[in-house]
Amino acid sequence: MKQIEHTTYITVYEHNNELVPADAELLQRSRSAMRHSHSPYSHYPVGAALLLNDGTIVEGSNQENASFPLGLCAERTALANFAINHHGKTVDAIAVSVGTEAAAPCGMCRQALLEQESRQQNPIRVLLKGGDETVYAIGSIKELLPLPFYSKNLKG
Ligand SMILES: [Zn+2]
């Protein structure tokens with residue numbers, strides 16, 4: 001028997017002036033994307049913004065339905081927007097904003113981001129921001145999803 005240790009490195013920025021301008025802009029776009037949230041059931045608007053390799057920023061926001069399982073998180077609406085409108089590009093980073101305490105992507109979104117990261121063979125940085133100035137930065141979605149499930153697992 002042995003144990004495997006998984007370490008996640010999270011950079012914490014406590015003030016807006018610590019951010020590089022590109023990250024500050026991406027976070028601002030994720031914040032502004034919250035305005036397009038449709039969240040009458042949870043009252044929990046979420047905004048996401050993807051930074052593509054050519055500098056394009058793609059937004060998403062959570063979209064809920066009365067049948068809760070049909071709701072889509074902001075991260076996955078941004079990924080769908082990217083997949084439909086930006087063929088051939090890659091995602092360098094995602095920023096996620098909420099109005100309360102900063103929150104990490106749910107398990108389903110971690111899986112979706114991990115598979116995008118795997119397809120493009122380039123890490124996706126994750127930036128998380130709540131209602132205050134604190135920003136959490138993670139270098140790759142893999143850091144948030146140890147022991148991942150990939151399509152190769154389906155092949156047995
Ligand atoms: Zn999610």
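Select Leu51 first: Leu51 stands opposite Ala93 in E4. Helices (H or I, at least four residues) and strands (E, at least two) are DSSP runs, numbered from the N terminus. The model is predicted, so local features need pLDDT of at least 70, side-chain atom pairs count only at pLDDT 80 or more, and totals for chains, interfaces and linings use all residues. Residues are numbered from 1 along each chain as its sequence is written.

**The sheet**

Now select E2 and E4. These two strands run antiparallel and are joined by seven bridges. Strands of a sheet pair through backbone hydrogen bonds, either parallel or antiparallel. Here two strands count as paired if DSSP finds at least two bridges between them.

The open sheet has six strands in the order E1-E6-E5-E4-E2-E3, with mixed pairing. Strand E1 (10-13) and strand E3 (57-61) stand at the edges; each has a single partner strand, so one side of each is left without a neighbour in the sheet. On average, neighbouring strands of this sheet are turned by 20 degrees against each other, direction ignored.

Next, show H2. This helix packs on the sheet and touches E2, E3 and E4, and its direction makes about 135 degrees with that of E3. Contact requires C-beta atoms, placed from the backbone, within 7 Å. Axes are lines fitted to C-alpha atoms, for helices over the stretch in contact, and angles run from 0 to 180 degrees between N-to-C directions.

**The core**

Select Ala48, Ala49, Leu50, Ala78, Ile94, Ala95 and Leu127. Of the 30 residues in the largest nonpolar core, these touch the most other members. E4 supplies the largest share of this core, six residues. A nonpolar core is a set of buried Ala, Val, Leu, Ile, Met, Phe, Trp, Tyr and Cys residues joined through C-beta atoms within 7 Å. A residue is buried if 20 or more other C-beta atoms lie within 10 Å of its own, exposed if 12 or fewer, and partly exposed in between, with C-beta atoms placed from the backbone.

Keep Leu50 selected. Leaving out residues up to four places away in sequence, Leu50 touches Ile57, Val58, Ala78, Phe82, Val91 and Ile94.

**Two backbone angles**

Most residues other than glycine have a negative phi. Select Gln121, in the loop between H3 and E5. Gln121 is not a glycine, yet has a positive phi of about 50 degrees. Gln121 is exposed, with 7 other C-beta atoms within 10 Å.

Finish at Leu147, in the segment after E6. Phi of Leu147 is also positive, near 50 degrees. Leu147 counts as exposed, with 6 C-beta neighbours inside 10 Å.

Key. Two residues are in contact if their C-beta atoms, placed from the backbone, lie within 7 Å.
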